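The exercises below are meant to be worked through with the model open beside the text. Try each task before reading its solution.

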Amino acid sequence: MNSKDPHDYAALAQNIKQWAKELGFQATGITHTHLGSAEQQLTAWLDQGYNGTMEYMAEHGTMRSRPQALIPGTQRIISVRMDYLADIDDDPLKTLKSPNSAYVSRYALGRDYHKLIRSRLVKLANKIRDEIGVFDSRAFVDTAPVMEKPIASQAGHGWIGKHCIVVNREAGSFFFFGELFTNLPLPIDNATDDHCGSCRRCIDVCPTQAIIAPYRLDARRCISYLTNTLQESIPIELRPLIGNRIFGCDDCQLVCPWNQYATKSGEPDFMPRQGLNDAQLIDLFAWTEQEFLDRMAGSAIRRIGHNCWLRNIAIALGNAPTSNEIITALKSRVDHKSELVREHVTWALTRHLI
Ligand code: SF4
């Protein structure tokens, strides 16, 4: 029997995994639509208000945890993994320890991944269609109503670590996921066991103590949320803890022992742009709004806008050692048109002038 037989779903599943590999995905897993305790955990998390201003996480109700409610007829979810560490000789820990340098989360150094992964998922669906004819499919990449982590974990990509990120024993955790919802009754893959054991490195290293208990993250304290999702003023008590992290934070992943197995990506899109893997805070702070928009075209960073960009860098400059250059740079923005920027610049200047 070959995969042209629409009933030979085992062979088709094998072919799908091979095609996904040829399309640049490092691994593919298939799971059903029952997400176990994910719904209960999500509800409890939302009830505590840990989602902060991410209201969209509550907006879709049980559709988030019930893929069949989101896309009726869905029987299986094909979950694909794409590794994103750029193929460069780079020491993120060194950048973190250089207070005049800007630290940008490794996932955001290159081009935004959404379009890339979506287009590959569409190609994968087309390939399946070429093989078996018409079938239903819908591609998702980091989409609000899809619980990509429980789906990925259930599809065998790894376990959800104590930092609430999927970890794989052979590949670490520096990867993106995408999903293809389908009506095909493909055989499913097994979930993997949790291998965190007694380790708690991610909990202990978190600069803002955002991992309030194993497997529980208070997003309102998470530097990723504060610097790339929150559009408002960043709580004053957290600012000194943010250090030089101007967009996202990788600390919990950098210390995870499983990331010694993380491999580099060959995707040109993930190569750093604008020297963001090792840029100086002062240089980035000098970008005009137009420069920011031009230089960050095609980057996930562009979405936060120039004001939040300046807000984040102002905090990092406030945390850097005092120098005339930093004070001059901050003063150049003290009359900025945005109250958000002015307030953070004033805070940063106060750190240097007292
Ligand atoms: S750092 Fe340790 S506790 Fe955290 S996810 Fe990795 S293995 Fe699990």
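**Exercise 1.** Describe the secondary structure and the overall form of the protein chain.

*Solution.* Begin with the secondary structure of this predicted model, in which the protein chain comes to 16 helices and eleven strands. Next, compare its radius of gyration, 22 Å, with the 20 Å that the globule rule gives for 354 residues; the two values are close, so the chain is as compact as a globular protein of that length. Finally, consider the box filled by the C-alpha atoms, which along the principal axes is roughly 75 × 40 × 35 Å.

**Exercise 2.** Find out what percentage of the residues count as buried, and what percentage of the contacts with a separation of 6 or more join residues 24 or more positions apart.

*Solution.* Taking burial first, where buried means under 20% relative accessible area, 52% of the 354 residues qualify. Turning to the contacts with a separation of 6 or more, 77% of them are between residues 24 or more positions apart.

**Exercise 3.** List the contacts of Leu-330, leaving aside its neighbours within four places in sequence.

*Solution.* Once those neighbours are set aside, Leu-330 is in contact with Phe-285, Ala-314, Leu-317, Val-345, Ala-348, Leu-349 and His-352.

Definitions and conventions
Residues are numbered from 1 along each chain as its sequence is written. This is a predicted model: local features need pLDDT of at least 70, side-chain atom pairs count only at pLDDT 80 or more; totals for chains, interfaces and linings use all residues. Side-chain values use heavy atoms; hydrogens and water are left out. Contact means heavy atoms within 4.5 Å. Helices (H or I, at least four residues) and strands (E, at least two) are DSSP runs, numbered from the N terminus. The radius of gyration is taken over C-alpha atoms; the globule rule is 2.2 Å times the number of residues to the power 0.38. Buried means under 20% relative accessible area, exposed over 50%, partly exposed in between (1.4 Å probe, protein chains only).
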